[in-house]
Amino acid sequence: MAPALARPSARPIPTIDAGPARLDADRFSTANRRRLSGPALRTFTAIADLWTLGEGERLLILGLPSRSTYYGWLKAAREHQDVTLGVDVLTRISALLGIHQALGILHADERDGIAWLRRPHRAPLFGGQAPLALVTGGTQDGLMAVRRFLDAARGGLFLAPNAVDRDTAPSTDADIVLA
């Protein structure tokens, strides 16, 4: 006969202090989304015009709303009327704004940043395609991946040296100042 297995004593499950609220639900409220939607759409349109994106690319970036919905949003935003976008669309626009901002930081000339978006890239993330292919791929994940890539590049990770890097002398121990 096999020995009886001891049953673990029932212990109460410890409570875990969640700490301060990590996400403010008000940021997703209808009123807040309405406040952000018009300016977000106007800025999105300005960037899309600058990047010379076609209608299809714009619709894919926004999550493929119907054309009538898209043009209704644009009309309302241009006329400063109330328009309320969903969280997904605002997140997509936010990612695009982050990409645009990072390109402006990483490239002294706006045209160079746009050219970077359109050129094939060797980074594994892009698989030899242009970063714009991920941006206009229709997924929120594609937008966020390009944004994260550029944010990492802003931090000094994984971009091929450019003219600024080639013309800058390496730092030496004498350059380090401890306060």
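Trainee: What percentage of the residues in the protein chain is buried?

Mentor: This is a predicted model, in which local features need pLDDT of at least 70 and side-chain atom pairs count only at pLDDT 80 or more, while totals for chains, interfaces and linings use all residues. Residues are numbered from 1 along each chain as its sequence is written, and side-chain values use heavy atoms, with hydrogens and water left out. Buried means under 20% relative accessible area, exposed over 50% and partly exposed in between, with a 1.4 Å probe and protein chains only. Of the 179 residues in the protein chain, the buried share is 30%.

Trainee: How many helices and how many strands does the protein chain have?

Mentor: Helices (H or I, at least four residues) and strands (E, at least two) are DSSP runs, numbered from the N terminus. Along the sequence the pattern reads α-α-α-α-α-α-α-α. The count is therefore eight helices and zero strands.

Trainee: Which residues have the most contacts inside the largest nonpolar core?

Mentor: A nonpolar core is a set of buried Ala, Val, Leu, Ile, Met, Phe, Trp, Tyr and Cys residues joined through side-chain atoms within 4.5 Å. The largest one has 38 residues, and H4 gives the most to it, with nine residues. In soluble globular proteins, nonpolar side chains tend to be buried together. The residues with the most contacts inside this core are Trp 51, Ile 99, Val 135 and Leu 150.

Trainee: With which residues is Val 135 in contact, leaving aside its neighbours within four places in sequence?

Mentor: Contact means heavy atoms within 4.5 Å. With neighbours within four places in sequence left aside, the partners of Val 135 are Trp 51, Ile 61, Leu 96, Ile 99, Leu 117, Leu 143 and Val 146.

Trainee: Why do the buried residues of H7 line one face of the helix?

Mentor: H7 covers residues 140-154, and its buried residues are Gly 142, Leu 143, Ala 145, Val 146, Phe 149, Leu 150 and Ala 153. Seen down the axis of H7, they line one face because they fall within an arc of 165°, the arc being that of the directions from the helix axis to the C-beta atoms.

Trainee: Against which helices do the buried residues of H7 pack?

Mentor: Packing here again rests on contacts. The partners of the buried residues of H7 are helix H2 (55-61), helix H4 (87-106), helix H5 (110-118) and helix H6 (131-135).

Trainee: Is Arg 58 buried or exposed?

Mentor: Arg 58 sits in helix H2. Leaving aside neighbours within four places in sequence, Arg 58 is in contact with Phe 44, Thr 45, Ala 48, Asp 49, Leu 53 and Tyr 70. Its relative accessibility is 10%, so Arg 58 counts as buried.

Trainee: What is the phi of Thr 52?

Mentor: Most residues other than glycine have a negative phi. Thr 52 lies in the loop between H1 and H2 and is exposed, with a relative accessible area of 57%. Although Thr 52 is not a glycine, its phi is positive, at about 50°.

Trainee: Where is Leu 64, which has a positive phi near 65°?

Mentor: Leu 64 counts as exposed, at 55% relative accessibility. Its place is in the loop between H2 and H3.

Conventions: The expected span of a helix is 1.5 Å times one less than its number of residues.
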